[in-house]
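Please keep the sequence and the model in view while reading.

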Amino acid sequence: MASAPTILASVPRHSALLGVGGYRPRRVVTNAEMCRSIDSTEEWIETRSGIVRRHFAGEDETLTMMAAAAAEQAMARSGTAPADIDLVLVASMSDLVQTPPLAVRVAHELGAGRAAGLDLSGACAGFCHALALASDTVRVRDAERVLVIGAERMTDIVEPTDRTIAFLFADGAGAVVVGPAREPGIGPVVRRAYGAYGNALRMTGPWAGKGPRPWMRMDGRRVFRWAMEEVAPAAGRALSAAGLAPADLAAFVPHQANLRMTELMAERLGLGEDTVLATDVVRSGNTSAASIPLALDALLAEGRVAAGSTALLAGFGAGLNFAAQTVLLP
């Protein structure tokens with residue numbers, strides 16, 4: 001009897017971040033301007049969220065345009081040409097065009113003609129989910145260079161007069177290039193979804209419905225409580241899975257949802273004063289899947305962290321779901 005054929009498998013290798021880039025829309029919206037649309041005050045917004053300003057995209061600043069701009073910067077910083085890209089992964093929850101995929105449109109815009117393209121809808125955890133997929137793809141030699149992008153136009157799905165969340169969300173895009181490395185540069189991912197809590201952050205209806213236009217709604221208190229009870233410990237497990245302790249971290253870069261949430265998570269993780277906290281939410285607002293790469297871009301641009309240092313990433317949001325991993329900064 002003939003033996004079954006053997007499927008050839010690649011020998012695993014290491015992966016790492018090779019470059020980071022970001023794009024923030026031209027229009028800067030202050031809390032004072034927000035108060036013209038919602039019943040609130042500048043002091044209330046800043047006290048509640050830590051946000052001082054955010055960026056709103058113009059008509060010409062489409063998801064494709066912003067994602068491509070962030071990607072071009074990450075590629076330039078990593079010495080990656082469009083022809084070097086094997087796969088483009090885009091995390092977004094705000095793309096109103098379902099097909100062709102946003103990742104394919106971005107690859108075409110970049111001139112990455114040999115790249116495959118795939119979209120992920122993991123909401124505010126989408127970037128970390130996409131990063132884990134990119135890392136595994138490089139590790140098993142299915143790709144040499146993978147472009148991972150978080151891009152959002154949250155102003156398209158958040159009702160501008162909703163005083164509970166309109167001041168939180170904003171637009172932008174961030175990107176990283178993932179490639180092979182001699183040493184581990186991206187740690188194991190810790191992830192989970194809590195579908196029973198799904199209605200805590202949801203759309204009010206389908207786009208195809210005959211009723212009023214759907215908008216995003218959020219039970220902020222419920223999401224906050226879940227993040228403290230579930231996401232903070234999960235971030236700690238991601239740190240342990242990488243064989244690291246809180247003292248080993250140069251930076252903590254969680255999803256930029258709320259400044260107070262970031263500070264409480266750092267406290268529950270037992271992070272010391274030497275660990276830099278990403279606080280890009282103060283000037284960029286909550287950009288969902290774009291928030292972590294944008295925060296990484298800001299930390300590196302400001303020189304607050306050094307190349308080769310270790311950062312803990314933690315994405316969390318609608319679903320409710322989370323994904324966390326450690327990385328070495330490029």
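## Terms and basis

Two strands are said to pair if DSSP finds at least two bridges between them. Helices (H or I, at least four residues) and strands (E, at least two) are DSSP runs, numbered from the N terminus. This is a predicted model, in which local features need pLDDT of at least 70 and side-chain atom pairs count only at pLDDT 80 or more, while totals for chains, interfaces and linings use all residues. Residues are numbered from 1 along each chain as its sequence is written, and side-chain values use heavy atoms, leaving out hydrogens and water.

## The sheet

Strands S6 (residues 146-153) and S7 (residues 171-181) run antiparallel and are joined by 8 bridges. Within this pairing, Glu 152 has Gly 172 of S7 as its bridge partner.

An open sheet of 5 strands has the order S1-S7-S6-S4-S5, with mixed pairing. Strands S1 (14-23) and S5 (116-120) stand at its edges with a single partner strand each, so one side of each has no neighbour in the sheet.

## Helices on the sheet

Helix H3 (residues 63-78) packs on the sheet and touches S1, S6 and S7, contact meaning heavy atoms within 4.5 Å. Helix H9 (residues 291-301) lies across S1 and S7.

## Helix H3

Buried residues (under 20% relative accessible area, 1.4 Å probe, protein chains only) of H3 include Leu 63, Met 66 and Ala 70. Among the elements covering the buried residues of H3 are helix H4 (102-110) and S6. Just after H3, Gly 79 takes a positive phi of about 70°.

Key:
Axes fitted to C-alpha atoms, helices over the stretch in contact; angles between N-to-C directions. Buried < 20%, exposed > 50% of the residue type's maximum accessible area, 1.4 Å probe, protein only.
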